[in-house]
Amino acid sequence: MKLPGATASYDRGEILRKAEKYRSQRRIRKAIREYEKILSADPQDIDVHIRIAPVYIRVGRKDQAKTSLRQVIAWYEKRGFTEKAIATLRLALKVDHRDLATNLNLADLYLGMNHAVEARNVLDRARKAFRGKRFLKEALAVEEKILGLAPDDFRAQVSLVRLLWRTGKRREALERLRRMEEQWARRGNKPYWRKTRRLSCLLAPSLTTGWAYFLSFFISPVPHGHAKMR
């Protein structure tokens with residue numbers, strides 16, 4: 001076999017041997033050139049992607065590292081090597097901690113192994129990574145994922161409503177506020193119920209929301225259905 005555009009025969013084993021030799025000698029760029037010869041002949045060579053990704057990271061070639069790591073992760077997942085996929089995803093997050101797909105994928109794999117605490121830790125770190133106006137869509141996806149894991153997380157509920165409002169999805173935000181108020185009224189959780197009414201007043205100020213918030217200091221929470229029955 002020949003490398004594309006080359007006249008000499010292609011010997012994968014020999015090229016790989018040279019790459020590993022250069023790597024052991026810390027001649028990193030030469031090692032990369034040899035690895036890339038193999039990938040130019042076979043872009044799906046997972047063994048080489050596994051070897052080259054850390055080397056790319058070492059020389060600061062993050063985009064190439066991410067490309068190789070994605071292929072490795074997909075390969076591990078397809079074959080059910082979940083723990084190896086998790087380890088590789090964790091490495092990928094060291095390259096780019098703001099990669100939304102990687103964060104969500106890692107959380108999903110932890111959940112698939114019934115490691116809810118680890119999944120939540122991943123999502124909490126992602127929440128911090130996606131602060132600021134530039135990351136509203138990413139932050140929204142993270143909060144939705146957190147609520148999928150912990151539907152009663154009041155902080156996540158509030159964050160999601162605020163993000164929906166800021167991204168122009170105001171009808172959905174108001175509907176979620178309505179459901180939150182009903183949820184906490186049914187639970188008899190007056191602090192969360194009152195805070196939900198306050199948030200409604202802040203986001204959509206009106207005589208109705210202002211009066212509802214004012215009343216929340218003097219009355220106990222009553223679910224809408226129960227109020228109608230009275």
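Predicted model: local features only at pLDDT ≥ 70, side-chain atom pairs only at ≥ 80, totals over all residues.
By class, the lining of the largest cavity comprises three nonpolar residues, one polar residue and four charged residues.

The packing of helices H6 and H8 was examined next. Two packed helices are described by the angle between their axes and the distance between the axes. Helix H6 covers residues 100–112 and helix H8 covers residues 136–149. The two pack at an angle of about 10°, and their axes lie 10 Å apart. Since angles under 35 degrees count as roughly parallel, H6 and H8 are therefore roughly parallel to each other. On the H6 side, the contact is made by Leu100, Leu104, Asp108 and Leu111; these residues meet Glu138, Ala141, Val142, Lys145 and Leu149 of H8. The contact of H6 with H8 contains six nonpolar and three charged residues, with no polar residues.

Charged side chains were also considered across the model. A search of the whole structure identifies 20 salt bridges. One of these joins the side chains of Asp47 and Arg51, with an N to O distance of 3.0 Å. Both Asp47 and Arg51 belong to helix H3, which runs over residues 46–58. Within H3, Asp47 and Arg51 are separated by four residues, about one turn of the helix.

Notes: Residues numbered from 1 in each chain as written. Heavy atoms only, no water. Axes fitted to C-alpha atoms, helices over the stretch in contact; angles between N-to-C directions. Parallel < 35°, antiparallel > 145°, perpendicular 65-115°, else oblique. Contact = heavy atoms within 4.5 Å. Nonpolar A, V, L, I, M, F, W, Y, C, P; charged D, E, K, R; others polar. Salt bridge = Lys/Arg side-chain N within 4 Å of Asp/Glu carboxyl O.
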